[in-house]
Amino acid sequence: MEQVKIGSLYDLNETIAAELFEGLTYPWEALAKISDFIKNLGPTLDPERFEQWKEDVWVARSAKVAPTALLNGPLIIDEDAEIRHCAFVRGSAIVGKNCVVGNSTELKNVVLFNCVQVPHYNYVGDSILGFRSHMGAGSITSNVKSDKTLVVVKDGKEEIETGLKKFGAMLGDCVEVGCNSVLNPGTVIGPRSNIYPLSSVRGVVWADSIYKNRNEIAQKR
């Protein structure tokens, strides 16, 4: 499935974590590596641009962090990002340049590429969100199957076994997710696709698609 490979989903020039993906084929292969990557990268960051707030937490001096936000490490917040009131970062998170992490949004084991917006009541766990992707209010990633079995990425009859129990969603660059949508475990959404509000999404959505429901997916012209 060429469409779910890293090179088909992401512009690696738009993340501080580009080296995290070196030697990998599929983006979810990076999930288990995020924590150690942050711990190794953090001490090398320019102290004129980044400040170490506490153990394994580095925050760009130009970032805006609300005093009510809770930041747990390992964590890197890149330049000009905004962490708003009551955001909860559980750890193992990379927040890119100019990102918005909003009110009551929770992050856990994620990479947000530059300019990602998760601004209102979002849960994003064990996921990677590409450049300029946006999750509407109340939309979430569901990262564990109800039967607790390992996640399989499915595109029609094609399947890839990930070996992962926890796997939320891989959003390509410039993906728009509508309000109150649920991205089920193993969801992969191709670049520039739009997900209608109130959608329940699973499997692979190809690039440049408009997802209305599982039986109605249109290609953009």
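Which residue does the side chain of K108 meet in a salt bridge?

## The pair K108 and D126

The side chain of K108 meets that of D126, with 2.7 Å from N to O. A salt bridge here is a side-chain nitrogen of Lys or Arg within 4 Å of a carboxyl oxygen of Asp or Glu. The pair links distant parts of the chain, 18 residues apart: K108 lies in strand β9 (residues 106–112) and D126 in strand β11 (residues 123–129). Strands (E, at least two residues) are DSSP runs, numbered from the N terminus.

K108 counts as buried, at 14% relative accessibility, and D126 is buried too, at 3%. Buried means under 20% relative accessible area, exposed over 50%, and partly exposed in between (1.4 Å probe, protein chains only).

## Basis of the values

The model is predicted: local features need pLDDT of at least 70, and side-chain atom pairs count only at pLDDT 80 or more, while totals for chains, interfaces and linings use all residues. Residues are numbered from 1 along each chain as its sequence is written, and side-chain values use heavy atoms, with hydrogens and water left out.

## Other salt bridges

The structure holds nine salt bridges. One of them joins E51 and R61, whose closest N and O atoms are 3.8 Å apart. This pair also links distant parts of the chain: E51 sits in strand β1 (residues 50–54), and R61, 10 residues away, in the loop between β2 (57–60) and β3 (64–65). E51 is partly exposed, with a relative accessible area of 36%.

K212 and E216 form another salt bridge, with 3.8 Å between the closest N and O atoms. K212 is partly exposed at 31%, and E216 is partly exposed at 40%.

Conventions:
Helix = DSSP H or I, 4+ residues; strand = E, 2+ residues; numbered from the N terminus.
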